[in-house]
Amino acid sequence: MKKVWAFVKGCFILLRQGSKLYYTWVYVLLAFVGIGVAAYVNQLYNGLIVTAMRDQVSWGFYISNFTFMVGVAAAAVLLVIPAYVYQWKPIKEIAILGELVAVSAMVMCLLFVTVDLGRPERFWHLIPKIGILNFPQSLLAWDVVVLNMYLVLNFSIAGYMLYSYYYKRQPNMKYVTPLLLFSIPAAVSIHTVTAFLYNGLAARPFWNASILAPRFLASAFCSGPAGMILMFQVIRKWTKFKITDQAIFKIAELIAYAMFLNLFLLGAEVFKEYYSDTAHLAPMKYLYQGLEGHSDLVSYIWTATLFNITAFFLFLIPQTRENQVTLNIGCILIFVGVYIEKGMGLVIPGFVPDVLGDFYEYSPTGTEILVTMGIWAAGLLVYTMLLRIAIPIMNGDFHVGEDGIHPHIGDELFLVRRVAEDVGEEGDLLTQ
Amino acid sequence: MSDRKTRADRIFRLTRRKALKGLAAGLGALAVPSNDASAAVWESFFQKNFRELSRSEVQDVVARLEAEYSTRYGKPVKVKTTPSLEGVLYGYGLDLSRCIGCRRCVYGCVSENNQSRDPQIHWIRVLRLSKERGVDLEHAEQYYNPANVPEEGHFYMPVQCHQCENAPCTKVCPVQATWKENDGIVVVDYNWCIGCRYCMAACPYGARHFNWKKPGLPAADVNPDTHYLGNRPRPVGVVEKCIFCMQRTREMEGKYPACVEVCPVGARKFGNLLDPESEIRFVIENKRVFILKEELNTQPKFYYFYSV
């Protein structure tokens, strides 16, 4: 226990050290978090009336972002599987970064759900024994269980491994391997349960399609890894951590397969709705064509579709997949594309037209956008803090000192632009 | 339920009660002890789900709420907790051939049930449908506003909570803040609801409404005859819905909800489905009845019918 405390104390000492750039980045994020908190306080004071949500469209931007982030978190398995099931070294070196993405994304998910509640102070009603968790009846109760479990799981795996490295020990794989293997179905479960949350509502034909959960998984395996590739590029350019091109290209290849599945499943759904042409077509028509003069989402969804298709081809062709420029363009296209498709593109058409045929066109208010930006900043802040600790540990720059008590800190700057190596990396990419 | 299970439940409840009380006492000590208002705030914060309150706890809660409402609105407000009547299962009939779309039911309901006036919350929504298309919700109009009703070529279909036997809304609630009572009325514990609005997404009839803002209820408009699970003034951030005017209908058999009383053409019928002599049973057995969205298997106790 004393050792854990020493480790935690060491981490806090480390978090306070960093280059000017590190400090600037952290303060910028804190500023956004502050703005988000202020906007949220205003929402608490006035009620959810300050959002654009109303009885017809009772979930909006918050739940859209929540749904997207669950996907990002689930995508960590795309690193865990090659790393620990196939023992593939290039990815094994970075798997821990994926787990930390999952942790940060889960924190964001829980924040998004909390800001959406009408009575957040009653959150304790969800805690079993103290409150009443309606398990297994309510899918939202399932979601509470699996999301928290996934958060704890990833936090413990990454935490234990880093803790071991800090004390210069190899982690005992007898404990870690079962947890790692368990995190694979757990990742699938968080996304499946979130899909079922919508899927189970017969009142909303747009969601009540059995293809929803597979589509969720397919799109998650695109957006999460795409975000991670972008993040890895930043990490290897600005910190001392090395990530091989090989690892990145392998992830890009996996994205190509996932995107194929995603587009295929989307096509299957579009065909079924349009060909059978029943009353249930209305929400899809609203989304893709506009219905009775209501067409707020049309330009967004076509942008998303175009982005996804373009990115699919960029990642399918090895030449563009292994070119840094096209690779990054592809990642951005996918991240944005899935953000639209799995966010607003999924949640809003479930409510438009509403169950009695009323049209209420939703678009988020300033408060919703500011709170959302605050939560994104909070997520990035959590990820930055986790990386600040994880990267020096994995580089051997942060471990227990000779005296066995005080930490040794070898990387006092953390975020620095690596000019010389930068060129070298570009060279690597070109020769590949 | 076997005895052993009952006992196990009791033990579980006792420990939880103790835990909550301990927590309440601990936090209560933090607040200024002599301050009544802050004590009430903590009491309401730690209040348990209505169905888990003991008889004496119910009395405490009711006393606290009555005091709170009476101070706020400057007149005595009664909060009842009358349970379901024995042998009663409520059913509702709506005669589509008579309804003229005047919306008197909408506003009769608002004044009986203490809905927010600003913003307006309506538990009943009247749809204007065209006679050519029939019940085609995609072309329904809720915001019709002619000088006179009924309009040529149209008919009207009021929609409110269908008090489903197989209710999708109660199933999805993550904290069991909403449930079906023995007389079939689906209720919400406004002090337990966390405001996640999952039930609103699940309801196929748009019957659930959210307090997006602190309800604007002028003191002069308050109906002081209220029920804990029904028409008592609601807090911000919780869901509410039609409760068949339980503050009236549970007091005495034969009492009607406000919407039934106010309807000028007698399009609304209400009664006990278990009583073979009731009007609602007559309607079901002798008229052409249809169920809205029957294919969803919600099994509503709200029946549309044509008397002519």
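Which residues are exposed on the other side of α12(A)? The tour reaches them below, after some conventions.

This is a predicted model, in which local features need pLDDT of at least 70 and side-chain atom pairs count only at pLDDT 80 or more, while totals for chains, interfaces and linings use all residues. Residues are numbered from 1 along each chain as its sequence is written, and chains are lettered from A and ligands numbered from 1 in the order in which they are written.

**Stop 1: colour by confidence**

Colour both chains by pLDDT, the predictor's confidence in each residue, from 0 to 100. Chain A has a mean of 91, with 97% of its residues at 70 or more; chain B averages 90, and 88% of its residues score at least 70. For the model, ipTM is 0.91 and pTM is 0.91.

Within chain A, select helix α2 (residues 20–46), where confidence is highest at 96, and then helix α17 (residues 419–431), where it is lowest at a mean of 44. Helices (H or I, at least four residues) and strands (E, at least two) are DSSP runs, numbered from the N terminus. Over residues 420–432 of chain A, pLDDT stays under 50, and the model has 7 contacts beyond four places in sequence for them. Two residues are in contact if their C-beta atoms, placed from the backbone, lie within 7 Å.

**Stop 2: helix α12 of chain A**

Select residues 298–316 of chain A. This helix, α12, has 19 residues and reaches 27 Å from its first C-alpha to its last, close to the 27 Å expected at 1.5 Å a residue; the expected span is 1.5 Å times one less than the number of residues.

Next, show the side chains of its buried residues: I301(A), A304(A), F307(A), N308(A), A311(A), F312(A), L314(A) and F315(A). They cover an arc of only 165 degrees around the axis, which puts them on the same side of α12(A); the arc is that of the directions from the helix axis to the C-beta atoms. The exposed residues on the other side are S299(A) and L306(A). A residue is buried if 20 or more other C-beta atoms lie within 10 Å of its own, exposed if 12 or fewer, and partly exposed in between, with C-beta atoms placed from the backbone.

**Stop 3: chain B**

Chain B contains 9 helices and 12 strands. Of its 308 residues, 41% are buried.
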